[in-house]
Amino acid sequence: MKARAAEMQIRALLPTVIVIVTQLVGQVSAQGQTPARGNAAGVTPANPAGAGRGRGLGAAVNSRPPSDPAQVERGKALYSVRCTFCHGADARGGEGGPNLVRSGLVLNDIKGESIAPVVQNGRPDAGMPRFDLTVAQIADIAAFLHTFRAVGRDPARNPPPNILIGDAKAGQAYFNAKCASCHSVTGDLKGLASKISDPKTLQQTWLMPGGGRGGSTVVNVPPKTVTVTVSPVQKFEGRLERIDDFIVTLVDAGGTSRTFIREGSTPQVEVHDPLRSHKDLLPLYTDKDIHNVTAYLATIR
Amino acid sequence: MKHMKELLFVTAVVLASELVTGQALDPAELLKPLSESWPTYSGDYSGKRYSALTQVNQSNIKNLGLVWTSRITAGLNNAGGGGRGGFANAAAPTIIGGEGTGDLNESGPNSRSSRIVSSILEVNGKLYFSTPDNAWAADARDGHILWHFVWKTKGGTHTGNRGLGMWGNRLYLETPDNYLVCLDATTGKEHWHKMLAPLAQQYFSTNSPIVIGNHVLVGLGNDLDSPAFLTAYDPETGEIQWRWYATPQEANDPALKTWANLTAAKFGGGHMWIPGSYDPETHLYIVGTGNPTPAYTSKSRGEGDNLYTCSLVAINVDTGKLVWYFQTSPHDTHDWDSTQTPVLVDAPFNGRQRKLVITATRNGFFYTLDRVTGEHLVTGKFSPTANWDKGVDGRGQPVRNPAKDFDIAGALVSPTNAGATNWMPPTFSPDTGLFYVTTEDSYAMYYLTDTDPRGSMGLGGKDEQAAGSLGTFLTAMDYKTGKIAWRHQYPEAGAWGGTNVGHALITTAGKLLFGGDPGGNLVAYDPATGAILWHVHLGEVSGPAQTYMLDGKQYILISAVDSLYAFALN
């Protein structure tokens, strides 16, 4: 998942690190253990796109064969009458009944064979009545249940809430105090909200322009530069191409690439990060500051 | 009973004959401090990754040079492996197992099956290592591949594989589709395989099995909500000996009071996907547990601590019962697993020698505990930017600040979801008394997207967007104070990206600290100061730095994606 964090600095990254990033993007998850992106049944009626953050191709998700649409429709109708009240229309739990999507029994079931005994006998100890459904009917219900994507994050379930909750006026005051020394809403930021209409994208963009995850690329961010001082009279300056403890490469104004071996503090290397001020502010913001500034910038059309 | 005796006799004979061949791992080797061989995940049971070897040391490190390199070829399409030198050599045999069709197996340079992040066993001159669905044996003297085992997968998350376990002449591999595969170390042929958990419930297995006595300890992964457990298997037969669940599965469990109800607890997560460490004196296997689920929209879990998720737990290996626990992240709300390798150290503390366990967890906190009792001794922060807590309580645990859980409009939280550290093994040097760990000071916006706790599951409920990194570091921690002793910032390095990036560390009695860096170098540092003593650029270092001694020569071993490199003194 931090693949995503890795993306953020992509512009400033060294080529080697870009390799790492490329390999990681969309592949790693939270724990580093990425959820298999769903029970590849995937064909949730509500969720046809099936977009996910896991890497589809290599993720090697266990898959179910595609279900017969007519059977799914029959199952849906039966489910809505018999099951929805307790287990919820989305099968994630309702009045008293557990979430069926993550139920081990349902996940292990193939075509109703594990579900049938429970439905036909009920679970008296857990308050579940028995249902007079035939094996064929339960197979229909199972087919419907198996269309739900068993995943934690399902954007189709929850349309993104509006994040514009800040106070634009307070945001303007904050902007004038902290941002106006570098930026102007009538200059470099003119029409910002017209270029970036989605508030969340706008917020991610101003927090870390051109770098943060989820930001817009319409904002131009100059690259990191570096000054390499070989001797008091020999100084090289240019775009930072690559740096680690042992080497630094820059491309100067004439397009010439120069590489220097580093040995401790020789030569002297000074990196200039145009986003330094944005980084320095990260430990200082309150969440309220952030929401307010976003509300203010959303008015800059 | 008679049966039992026969079985024991047969086992003894099998073991004895295997020992005679000179390949098998002598069980006594597993109890020794890390030195000439590397017979288990961390080199020894302590998790210190501190080698007693001194041939390579500060005075001669400048003469460290390449001895051999060897490349692997993962997957089914390529018979054998790399490292086959001249035309006179026979191709290494490929052994194929598995219950899948092979269609889902990965191969090729960018595949995760071609990326070595595993610890590499070194036993009697042979190396044994693994990637998802693949295992290899190689000659430790020149890297020549001896055999290649491929498992035809049925699926599961193929994020990485942490390594193999060894018992006698047998190796144990976990596969992404949840099988424990027992291989013959000499031939790579399969003895048996056992299903660990149903793939349909979205379990996946990346861990390195840990062999202790006649137990093979296996933890799994799962990013839905399926119950988390550690299981002991019989190394001979693969039968289950005991199973410990990370969260309550029964109504009479005392930990249940830390959950809203039994259903929440059952589906509460806590997967142990990185090996723990073992104390032979107390028979305690000490392991970190994973995050609770649902990870973000946590209301359905109740307001309690959600035991034993995000905890250090001590399990008696003979009984499979919990002896003590210390929760490193009570009621976690950011998917920050506490699965980092715990490090067992005997060292002075407040004027007397103590048996300690040390851990630096993904949430940015550092802990020193008494490993016999679990008594809390020290809490510190190794990532100064971590901002999700309101301080430390009387139990030594951070108190979470609910305002930093997440927010519909976004909460700016440090660390990011990848954590202030992650799976990469730390190291401890008794010479310096310092604990070393790869760390990052980073921020992300955590947006709450799932406002309906009823249906939240797994890792869902939020949208986490990185906002910036203030640096990645090699950090040295003082176990007595919980304070940073020193740290070395990797110049301009980006966020590391989580679980498949290396920078696992090792220290040696030669007063050296080795690790990969984000620039793709293998670097030797002075463990006292962090001063750089030696380096070589390999392109990208993916796995842990390791060391072993063979024919009087000390090797430094490192994996760089699909290649192994071994160095020794010129």
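Where is the place of Y308(B) in chain B? Y308(B) sits in the loop between β19 and β20 of that chain, strands being DSSP runs of E with at least two residues and helices runs of H or I with at least four, both numbered from the N terminus.

## Basis of the model

This is a predicted model, in which local features need pLDDT of at least 70, side-chain atom pairs count only at pLDDT 80 or more, and totals for chains, interfaces and linings use all residues. Residues are numbered from 1 along each chain as its sequence is written, while chains are lettered from A and ligands numbered from 1 in the order in which they are written.

## Backbone geometry in chain B

The peptide bond between L307(B) and Y308(B) is cis, with omega about 0°. Another cis bond runs from T293(B) to P294(B), where omega is near -5°. P294(B) is placed in the loop between β19 (284–288) and β20 (311–316) of chain B.

Most residues other than glycine have a negative phi, and most peptide bonds are trans. D133(B), not a glycine, has a positive phi of about 75°. D133(B) belongs to the loop between β5 (126–131) and β6 (134–139) of chain B and counts as buried, with 33 C-beta neighbours inside 10 Å. A residue is buried if 20 or more other C-beta atoms lie within 10 Å of its own, exposed if 12 or fewer, and partly exposed in between, with C-beta atoms placed from the backbone. H331(B) also has a positive phi, near 50°. H331(B) lies in the loop between β21 (322–327) and β22 (343–349) of chain B, and is buried, with 21 other C-beta atoms within 10 Å.

## Chain A and its helix pairs

Chain A has 13 helices and five strands. Of its 301 residues, 42% are buried. Contacts are counted between residues whose C-beta atoms, placed from the backbone, lie within 7 Å. Among the contacts in chain A with a separation of 6 or more, 54% join residues 24 or more positions apart.

Helix α9 (residues 168–178) and helix α13 (residues 287–297) of chain A pack with their axes 7 Å apart, at an angle of about 100°. Axes are lines fitted to C-alpha atoms, for helices over the stretch in contact, and angles run from 0 to 180 degrees between N-to-C directions. That makes α9(A) roughly perpendicular to α13(A), a label for angles of 65 to 115 degrees, with under 35 roughly parallel, over 145 roughly antiparallel and the rest oblique. Residues of α9(A) including Y174(A) and F175(A) meet residues of α13(A) including V293(A) and Y296(A). The contact has seven nonpolar, four polar and one charged residues. Here Ala, Val, Leu, Ile, Met, Phe, Trp, Tyr, Cys and Pro count as nonpolar, Asp, Glu, Lys and Arg as charged, and the others, Gly among them, as polar.

Helices α4 (residues 69–82) and α8 (residues 135–145) of chain A have axes that come within 7 Å and cross at roughly 100°. α4(A) and α8(A) are therefore roughly perpendicular to each other. Among the residues that meet are V72(A), L78(A) and Y79(A) in α4(A) and I141(A), A142(A) and F144(A) in α8(A). By class this contact has seven nonpolar, three polar and three charged residues.

## An enclosed helix

Helix α11 (residues 199–207) of chain A has eight of its nine residues buried, so it is largely enclosed by the rest of the structure. Its buried residues include P199(A), L202(A), W206(A) and L207(A). The cover over them includes α10 (192–195), α12 (276–281) and α13 of chain A, together with β30 and β31 (462–478) of chain B.

## Nonpolar cores

A nonpolar core is a set of buried Ala, Val, Leu, Ile, Met, Phe, Trp, Tyr and Cys residues joined through C-beta atoms within 7 Å. The largest has 202 residues, and Y128(B), M166(B) and F435(B) have the most contacts inside it. Strand β30 (residues 434–448) of chain B gives the most to this core, with 10 residues. The core also draws at least three residues from each of domain 2 (69–145) and domain 3 (168–221 + 278–297) of chain A, the bounds coming from an automatic or database domain assignment. A second, separate core of six residues includes V226(A), L240(A), V248(A) and L250(A).

Leaving aside neighbours within four places in sequence, M166(B) is in contact with L25(B), P39(B), L121(B), V123(B), Y128(B), L171(B), A185(B) and V211(B).

Technical notes. Contact = placed C-beta atoms within 7 Å.
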